[in-house]
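Hi everyone, thanks for letting me take a few minutes. Let me put the structure up, and then we'll walk through it together.

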Amino acid sequence: MRAFLQPLEKYLSFGAIGGLIGVCNDIATPLAGSNIYGVMAGVVALVLGFLAAATLGIRSDITKGLLGVGAIMTTLSLFFLTQEPSGPNEGDTGYLASRFSIIEKAQDKLVSKLGDIHQETVKIADNTAQIAENTDDLRGFSIDLTRFNQALENGDKRTVALACRSGMRASEFIFNGGIHGREGPHGTYGDDDMVAFLIENGCVNAEKLCPDLTKMEDSSDYLAGPPARFAILDRVELICGADFRKEVADWQAGDTAWR
């Protein structure tokens, strides 16, 4: 018997690895889906084994290992596959679980544990996202007025959004367009898209800016004067509404100090 088994020793020792993989695949059927994957893996190992035999020779340990693993894995997986219960959903647990309750119980615990791990992973992902969001909030507090204005001019919406979330707000210069707004948008708030972005992100305090427009003290210095002197009417309406626009327009119509 020893003399008979000795030439097969390498095949059998490597075949044990294939058998172990086949058993593990069957036990993991609720996760893997089917023993067909064991059959496919075994066939691949056999093909590689035959190629190794053609190139390295049949006596090569690599050849024996691939053929041993492939033969046992394919045979065992085919057996498990053909012996699985055939009823609806009955083969979802694999052959061994259908025969041994202890394996079925182990599968249930494994699936339950993996479900718990999934839930914890989701919680960790949510917490990580919250930490990242809080970190962005902290970064927003470090943005000063100079950097905020630079971000507005450069179209850096991410920095602008962080600054807005930390409490930074647009100034009265958001209305500025030269005398009576005739020069149109320019300077820090020259980009209409950025102005719209500021409004969408709650970065324009209309409750403060709009009433200040109407604090219209007369001034003989046309370069000074109230904010209404330099206001773009379309911006006023966009931020403050039609009533404020009419009030500012009426004031501008009577403003002759700059002439």
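**A quick tour of the chain**

Okay, surface to start with: the chain's accessible surface comes to about 15700 Å², and 59% of that belongs to carbon and sulfur atoms. Those areas come from the Shrake-Rupley method with a 1.4 Å probe, and for residues, only the protein chains shown count as cover.

Bear in mind that this is a predicted model, where local features need pLDDT of at least 70, side-chain atom pairs count only at pLDDT 80 or more, and totals for chains, interfaces and linings use all residues. Residues are numbered from 1 along each chain as its sequence is written, and side-chain values use heavy atoms, leaving out hydrogens and water.

pLDDT is the predictor's confidence in each residue, from 0 to 100. The chain averages 75, with 71% of the residues scoring at least 70. Over residues 1–5 it stays under 50, and the model has 1 contact beyond four places in sequence there (contact means heavy atoms within 4.5 Å).

Now zoom in on Val-160, in helix H9, residues 157–165. Buried or exposed, this Val-160? Val-160 counts as buried, because its relative accessibility is 0%; buried means under 20% relative accessible area, exposed over 50%, partly exposed in between (1.4 Å probe, protein chains only). Leaving aside residues up to four places away in sequence, Val-160 touches Phe-148, Ala-151, Leu-152, Met-194, Phe-197 and Leu-198.

Note on methods
Helices (H or I, at least four residues) and strands (E, at least two) are DSSP runs, numbered from the N terminus.
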